[in-house]
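Work through these exercises with the model open. Try each task before reading its solution.

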Amino acid sequence: MNYFLTGGTGFIGRFLVEKLLARGGTVHVLVREQSQDKLDKLRERWGADETQVKAVIGDLTSKNLGIDAKTMKALKGKIDHFFHLAAVYDMGADEEAQQATNIEGTRAAVNAAEAMGAKHFHHVSSIAAAGLFKGIFREDMFEEAEKLDHPYLRTKHESEKVVREECKVPFRIYRPGMVIGHTSTGEMDKVDGPYYFFKMIQKIRHALPQWVPTIGVEGGRLNIVPVDFVVNAMDHIAHLDGEDGKCFHLVDSEPYKVGEILNIFSEAGHAPRMGMRIDSRMFGFIPPFIRQSLKNLPPVKRLTSAILDDMGIPPSVMSFINYPTRFDARETERVLKGTGIEVPRLPDYAPVIWDYWERNLDPDLFKDRTLKGTVEGRVCVVTGATSGIGLATAQKLADAGAILVIGARKLERLKEVTAELESRGASVHAYPCDFSDMEACDEFVKTVLDNHGHVDVLVNNAGRSIRRSLDLSFDRFHDFERTMQLNYFGSVRLIMGFAPKMLENRRGHVVNISSIGVLTNAPRFSAYVASKSALDAFSRCAASEWSDRNVTFTTINMPLVKTPMIAPTKIYDSVPTLTPDEAATMVADAIVYRPKRIATRLGIFAQVLHALAPKMAEIVMNTGYRMFPDSPSAAGSRSGEKPKVSSEQVAFAAIMRGIYW
């Protein structure tokens, strides 16, 4: 038996060819001249040679598919089944491309099938041909389609109309649902349909523990089917006698709602499930013109656009959240009865689909998300760069090829660090500065701008921490002044100094090293946490003003890190801490991904607990306050004796890993 396929190298086509070869057939595949290499690779996959899978050079948008007269003559009368699969399946494709491929391409395929005297014509349409019909759409319905405003819906409907009205070869029409990956391998060739929501699910997984229930959306029922079901059904139906002129819905007769689908894939991706789903149809009582007016408000449009862009979701996809159409498939069920070909349940193969996406289709896999790709040749300023987090961050930036500017108080130590970084091949520029001195900050800014012209990344790392209970601070008001002077005023002075050039260039990123104490309201750190909280608040306000000018801020609520800053508190020698290198990795992530905030899950949980149950959060922190005493130095003692740590303290610190006590 001889077959001819358009779209034979495409997603559905490559699986269908495999089925047709299993029948012992010879398959002719339409390919463009420049795409023959792709077909050669597929032959290897199929275990077929050029006598089994034959390339037919042509073009979908040309008359008779661009097949030359000699080849057409050789094919005439020899094709038993002509499968037309080639089409634009991308919701985001431009209207002109969809018109040319879906409609004119189908017309060319119909004419070519007639010219070569094919015995059967099989048109792979889509449930999109029904438009946004409200209610049940049967297989014998076509003209009843409605709301075909979107180019994809309209062109799929019109292409099917070409077959129905112009095809003189006996035809069969197949309308698959939203086709996703193979149930065994998860194989899929592009992000489409429900895949657009995978990035959102992944981001929620990174932000929250799996056991935390979330609030999400409900919606209409989306008809999702795996590619192997579609191909198995088409292969079977195509070879049946007496089914010409009919249409077959290759769909799930029991489709899931949008919220159910998101929960199924959330579970497959080990992300939190939506414990409560809000059905947007409950707002149907609001007059349409009011809803449309609200959607067109500039802040709403910008916010919607930003969220969708961040999640990689095309705006057109959102119009299908409340998909109104159900599909009757009684003809398909009739011809498949007793064959064992049926739609598997989504929960059974969703983990395979998710795994393939995360390993092969996740958009982040195709972006340069390396620190080198982000900062190479860029001017990066790190304060407090001679020890701890600052030094570890400077080392990472140096290795990534940044033009590195480092600042710290001690000139001799600066020289040592500069020599060490330059030995790694880095471009390093060191300037001594006491960042608690406003005049010194201004001089530092002027020197950097005079020498480098601008700053791309500013890491405000220099800071002062004081661990002392308020009971011991009544006569130490200077503790609050010292922390504010360096942690807040020094950082703001640098931001305000470098920002004008950032705004002029419409490019700049500020990373503020804050503290988990800001989220947990850590006792004994009132001076330190207050200064960091002030910087957090300033940065949020500045970000609101400069959001549309590409000057961005990231706050890192850093957990406890083993640095010289915590050395005076000997009890920290016995509790879990991050290493400076681990902390610097968080800074690198901030520079590469530019999130608004980076915090541990425990830190986020503490903030949520404080918002929802402030008294409970207060009791937990007070328990820790009573369990861990002030250090001798905080009480004014110069004793270097290391305090004894009880098993209860170790256990409590382990549970509250990273929190300051």
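**Exercise 1.** Which residues of helix H2 (residues 36-46) are buried?

*Solution.* Some ground rules come with the task. This is a predicted model, where local features need pLDDT of at least 70, side-chain atom pairs count only at pLDDT 80 or more, and totals for chains, interfaces and linings use all residues. Residues are numbered from 1 along each chain as its sequence is written, and side-chain values use heavy atoms, with hydrogens and water left out.

Helices (H or I, at least four residues) and strands (E, at least two) are DSSP runs, numbered from the N terminus. Buried means under 20% relative accessible area, exposed over 50%, and partly exposed in between (1.4 Å probe, protein chains only).

Step 1: list the buried residues of H2. They are Leu39, Leu42, Arg43 and Trp46.
Step 2: look down the axis of H2. The buried residues fall within an arc of 110°, so they line one face of the helix. The arc is that of the directions from the helix axis to the C-beta atoms.
Step 3: turn to the face pointing away from the buried side. There H2 carries the exposed residues Asp37, Lys41 and Glu44.
Step 4: find the cover. Helix H1 (11-22), strand S2 (26-31) and strand S3 (53-57) are among what covers the buried residues of H2. Contact means heavy atoms within 4.5 Å.

**Exercise 2.** Find which strands pair with S5 and in what sense.

*Solution.* Two strands pair if DSSP finds at least two bridges between them.
Step 1: take strand S4 (residues 81-84). S4 and S5 pair in the parallel sense over four bridges. Phenylalanine 83 has histidine 122 of S5 as its bridge partner.
Step 2: take strand S7 (residues 171-176). Four bridges join S7 to S5, and the two run parallel. Histidine 123 is bridged to isoleucine 173 in S7.
Step 3: Four of the five residues of S5 (residues 120-124) are buried, so the strand is largely enclosed by the rest of the structure.
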